[in-house]
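Please read them with the structure open.

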Amino acid sequence: MTEPRSQPRADLQRWDGSTADARAIQTQLADKVVLADEFGPLKRIAGVDVGFEDGGMITRAAVVLLDAETLEPLAQALARIPTCMPYIPGLLSFRELPAVLQALDSLGQTPDLIFSDGHGIAHPRGLGIAAHLGVVTGLPTIGVAKKILIGKHTALGEQRGEQVDLLDKGGKVIGTVLRSKDRVRPLIISPGNRVSLETAPQLVMRYVTRYRLPEPTRLADRLASRRDEKRGGPQQSMELQ
DNA sequence: GCGACAG
DNA sequence: ATCTTGTCGC
């Protein structure tokens, strides 16, 4: 049997390269975001993140698939492609998504849920990279960011698990400011696709162990930024591509 | 017009 | 994101 291979590039390929068109595409795709819990049993979850090599010349995307029950890594994939554009706040997905989609494609398996670095709907036009990834792949996604892009919130408790709503200018809830560990800077959680505002932070906490970041994100982060091979380990890991 | 601004 | 050692604190 052949898995229904996606044609994820579609919406990005229609991009004319201008920032104006990128914003127009975001506004259009934002309507396709599903903010309801539309995901089945979570068996295999994935984390995706992007890093750079050669001072930014090469974009390096990493995907790590984990067993949702044991959190053991099941598979991982890397994609390295020439960087296509500079970082522009609000347009992150146009810079990083091509590499992320390629990495997901070479993974050869479809995750039941994807944790993406960056924001979901907590974005100027409601389509951060996590939401963009979710709409383009049709998969459930959650955005896990370390800093706020837009929105405000009230004071947050210091204990692990404490959370407050992230509100946009109109007072509408667009995400959750979540303290994943005692006395650490909070994470900014927002739905990407097929996950509700209420469930997103719950799922993040479900996969947080002893670190600030949930395991899928943390492992993808290490692979994308090559922290694993840099850090001192008696045995060097095997080569990846 | 002046800041703010994921990674 | 990335360039980078040791160091202060839980």
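1. Helices (H or I, at least four residues) and strands (E, at least two) are DSSP runs, numbered from the N terminus. On that basis chain A has seven helices and eight strands. The radius of gyration (taken over C-alpha atoms) is set beside a globule rule of 2.2 Å times the number of residues to the power 0.38. Chain A has a radius of gyration of 17 Å, close to the 18 Å that the rule gives for 241 residues, so it is as compact as a globular protein of that length. Along the principal axes, the C-alpha atoms of chain A fill a box of roughly 50 × 45 × 40 Å.

2. This is a predicted model, in which local features need pLDDT of at least 70, side-chain atom pairs count only at pLDDT 80 or more, and totals for chains, interfaces and linings use all residues. Residues are numbered from 1 along each chain as its sequence is written, chains are lettered from A and ligands numbered from 1 in the order in which they are written, and side-chain values use heavy atoms, with hydrogens and water left out.

3. Burial and contacts come next. Buried means under 20% relative accessible area, exposed over 50%, and partly exposed in between (1.4 Å probe, protein chains only). Of the 241 residues in chain A, 49% are buried. Contact means heavy atoms within 4.5 Å. Among the contacts in chain A with a separation of 6 or more, 62% are between residues 24 or more positions apart.

4. Which residues have the most contacts inside the largest nonpolar core? A nonpolar core is a set of buried Ala, Val, Leu, Ile, Met, Phe, Trp, Tyr and Cys residues joined through side-chain atoms within 4.5 Å. The largest one has 27 residues, and those with the most contacts inside it are I45, L113, F115, I142, V144, I189 and V204. Two or more residues each come from β2 (58–67), β4 (113–117), β5 (141–145), β8 (187–193), α5 (199–206) and α6 (215–224). Another core, of 22 residues, lies apart from it and includes A46, V50, A99 and L107. In soluble globular proteins, nonpolar side chains tend to be buried together.

5. I45 and α5 can be looked at in turn. Not counting residues up to four places away in sequence, I45 touches V64, L65, L66, A68, L71, L113, F115, Y207 and P216. Helix α5 is mostly covered, with six of its eight residues buried. These are T199, A200, P201, L203, V204 and M205. They pack against β4, β5, β6 (163–167), β7 (173–178) and β8.

6. Is T59 buried or exposed? T59 is found in strand β2 and is buried, with a relative accessible area of 1%. A polar contact (a pair of N or O atoms within 3.5 Å; within protein, one must be able to donate a hydrogen and the other to accept it, and residues adjacent in sequence count only if both atoms are side-chain atoms) is used here and below. One such contact, of 2.8 Å, joins the side chains of T59 and T83. Leaving aside neighbours within four places in sequence, T59 is in contact with residues including V50, G51, F52 and A99.

7. T19 belongs to helix α2 (residues 19–30). This residue is partly exposed, with a relative accessible area of 36%. Not counting residues up to four places away in sequence, T19 touches I88 and L91.

8. Now DNA strand B. A residue is near a strand or molecule if one of its heavy atoms lies within 4 Å of it. There are 19 residues around DNA strand B, of which Y87, G90, L92, I129 and K146 come nearest. Sugar and phosphate account for 49% of the atoms of DNA strand B that come within 4 Å of the protein. At K146, a polar backbone atom is 2.8 Å from a phosphate oxygen of DNA strand B. Helix α3 (residues 92–107) gives the most to this surface, with three residues.

9. DNA strand C is surrounded by G51, F52, K146, R183, S225 and R227. Of its atoms within 4 Å of the protein, 100% belong to sugar or phosphate. A backbone N or O atom of F52 lies 3.2 Å from a phosphate oxygen of DNA strand C, and a polar side-chain atom of S225 lies 3.4 Å from a phosphate oxygen. For R183, an N or O atom in the side chain is 3.1 Å from a sugar or linking oxygen of DNA strand C.
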